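Keep the structure open while you read.

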Amino acid sequence: MRKPLYVLVVGLLLASFLAGCSPAPAPAPAATSAPVKETVVVKETVQVSVPVSAAEQEWEVLNPAGVKKVTPMELAPRLTSLEGKTIGLKWNQKPNGNIFLDRIAELLVEKVPGVKIIKFYEVEPTTVPQSANATDAKNKAQLIAKHKPDIVIGSQCD
Amino acid sequence: MTVSTSEFIGLARTSTESFGAPDQAFVVVPHPLGMIPREEVIAKADAAFPEIIKAATEWKPSRTTLPDQDKKPYPLETIKFTGTYADLNQMFYDKGWSLGLPVVPPTREAVDAMLKGTSHKPDEIVWDGVPPRNGIVTVEMVATLGVMAGAKPEHMPLLLGIVDAMKMPSENPEGFDWRAQTTTTHPTAPLVIISGPIVKELGVAYGIGAMGPENPVNLALGYFVNLLGDVPGGSRPPDADKSTQGWVGNTIATVAGENVDGNPWKESFPVERGFKPEDNVVIFAGGGMPLNMNDHASVDPKDLAEVMANTMNAVGPSRCFQNGGIWILSPEHAATLSREGWTKKDIKEFLWNNAKAPFGVQPPMVEGKCSITSCCPPESFGPVTPDTLIPVCKSADQIELIVVGGPGKQSQWWPFGEFSPFPPNLAKIDPWK
């Protein structure tokens, strides 16, 4: 007998669930008892038996996760050097993310020749608050793209 | 390129995939960045800088296509499994197909029986991507999740109406859609109110204990809502659902019926919005954990409304100039509020004018910058001092009143903060019969 206590507990829970959460009947069914069948009435015309067994059985069930919607997105060309490039910095209003990006901007100017920095949280402040929805996010991306940065570095939470 | 703290990199990768990018350049810094002194932030930036340069110039995507690309959403895959009922439940949980509670096995036979509860075809797509995973929802999937949750075929129009309301973009262009709610650290969870004759027809609890009922219909609907959000939607901890602590509403959503009999203003919430009294309607919102108001003493409506206002101005959950919320009023509190002829509009105006907290006790700005949790009144509000009283939401229209529950002097304030679709989404149920 496998996992007898678990079988008993889950069996009781399910029996209670199917019975409309009324108190479980006593005495409790043993883990090895015969399969229980509860009947579901469909508009008083269709009856379906839902098999519930404490013993091993063959199951055929549907995968409830289904498939994901995939809208492929093309990645921007990769850079091999940052020299002379325009680098955008995107802050999402999470505390200290702007301080982090300000420091990255200082280091880039100090260490990378000819680099141009655009702090979108200063130049395009409406890009700062979190996007409310997909349309809002696209609008913000378009505002950023208008400045033609070669790369954008965003700071995430938290 | 995205810089993420170590605790949020899983969500960042999930989001990248759900937006359609096979991969993205990430740089991971040790968590946290927020709520630490400036010098620690600078030290983390200095340490990350070499990795940022490397990611900007050397990174290559690890893959060029995504899982599920070109797969069809119908029919759902059939799984063969040998084991006990307990083993089956364990398998479902391990695969991310359940939330840890037992499910009714979605056999083909049981799902086909559920499908008889609607005239809609099983291959109809009713939501083309539940965030954050973007799982595609068909009528067949609704029936499958409904079986798992313990719903019955006659509930199918309700289940489909709920999906219809959940997927709606907010009417408010600044209102957040479903994605933000499913991934935030905030303990947000759905609030579903069913209104119309169907409440009594199907036995949806609307009286005593309706918001947390031992009622199989409400429980099945609430379990369905979270199965939908967590299985096709993929909003499971620890990576996509980042709830710091969460609450039980993240597992079984709160579902209740509107108590129209106990509503002294007579018009149901949907009727206020232009629906007909005979319409069956799902009201869908979402928000943080509710705050209870316990007032057994007020006789004058103004006294009760003052207690309500002082419940709303709790700066932890409500903060300033946020999206308001919904009062779930008990019939007795509603009766007190209406005693001297106050309309819902009168009450909303009173609450808007009185639910205020001093600027000085609100979450602060960070080095003078408005951060995501700061209280940042709009410029039109004018200058503020620590004593300036700041309203909890932007207007009286952002405060809603719905009557639910049985006898007693308890009501609930559901503050919506910044992560909820507001105003609530309303969807008709009858077209799904």
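Which residues does Glu258(B) touch, not counting residues up to four places away in sequence? Before the answer, one caution: this is a predicted model.

**A glutamate in chain B**

The partners of Glu258(B), with residues up to four places away in sequence left out, are Ile193(B), Ile194(B), Ser195(B), Tyr206(B), Asn263(B), Ser268(B), Phe269(B), Pro270(B), Ile283(B), Ile402(B), Val403(B) and Val404(B). To find Glu258(B), look in the loop of chain B that runs between β7 (254–257) and α10 (269–272).

Is Glu258(B) buried or exposed? Glu258(B) is buried, and yet it has no salt bridge. The nearest side chain of opposite charge belongs to Lys344(B), and that one is 5.2 Å away. Glu258(B) does have a polar partner, though: its side chain and that of Ser195(B) are joined by a polar contact of 2.7 Å.

**A threonine in a helix**

Next stop, Thr311(B), which sits in helix α11 (residues 301–312) of chain B. Why does Thr311(B) count as buried? Its relative accessible area is 13%, and the label buried applies because that is under 20%. A polar atom of the Thr311(B) side chain lies 2.8 Å from the backbone oxygen of Val307(B). Leaving out residues up to four places away in sequence, Thr311(B) touches Leu291(B), Asn292(B), Met293(B), Trp327(B) and Trp413(B).

| Cis peptide bond | Omega | Loop of chain B |
|---|---|---|
| His31(B) and Pro32(B) | about 0 degrees | Pro32(B): between β2 (26–29) and α2 (38–58) |
| Pro237(B) and Pro238(B) | about 10 degrees | Pro238(B): between α9 (216–230) and β7 |

Gln93(A) isn't a glycine, but its phi is positive, near 75 degrees. Gln93(A) lies in the loop between β4 (86–90) and α2 (97–111) of chain A, and it is buried, with a relative accessible area of 13%. Lys148(A) isn't a glycine either, and its phi is positive at about 50 degrees. You'll find Lys148(A) in the loop between α4 (134–145) and β6 (151–155) of chain A, where it counts as exposed, at 68% relative accessibility.

**Where the chains meet**

How many residues of chain A are in contact with chain B? There are 73 of them, and they meet 104 residues of chain B. Together the two chains bury about 7,900 Å², with 66% of that on carbon and sulfur atoms. Trp59(A), Leu62(A) and Lys68(A) supply 10% of the area that chain A buries against chain B, more than any other three residues.

Four salt bridges cross this interface. Arg103(A) forms a salt bridge with Asp46(B), and the closest N and O atoms are 2.6 Å apart. The two chains also have 27 residue pairs in polar contact.

Which parts of chain A each supply at least two residues to the side that touches chain B? They are α1 (4–18), β1 (36–42), β2 (46–52), β3 (57–62), α2 and β6 of chain A. With eight residues, α2(A) gives the most to that side. Sorted by type, the residues on the side of chain A that touches chain B are 42 nonpolar, 18 polar and 13 charged.

Definitions and conventions: Residues numbered from 1 in each chain as written. Chains lettered and ligands numbered in written order. Predicted model: local features only at pLDDT ≥ 70, side-chain atom pairs only at ≥ 80, totals over all residues. Heavy atoms only, no water. Helix = DSSP H or I, 4+ residues; strand = E, 2+ residues; numbered from the N terminus. Buried < 20%, exposed > 50% of the residue type's maximum accessible area, 1.4 Å probe, protein only. Lys, Arg positive; Asp, Glu negative; His and termini not counted. Polar contact = N/O pair within 3.5 Å; in protein donor to acceptor, adjacent residues only side chain to side chain. Contact = heavy atoms within 4.5 Å. Buried area = accessible area lost by both parts, 1.4 Å probe. Nonpolar A, V, L, I, M, F, W, Y, C, P; charged D, E, K, R; others polar.
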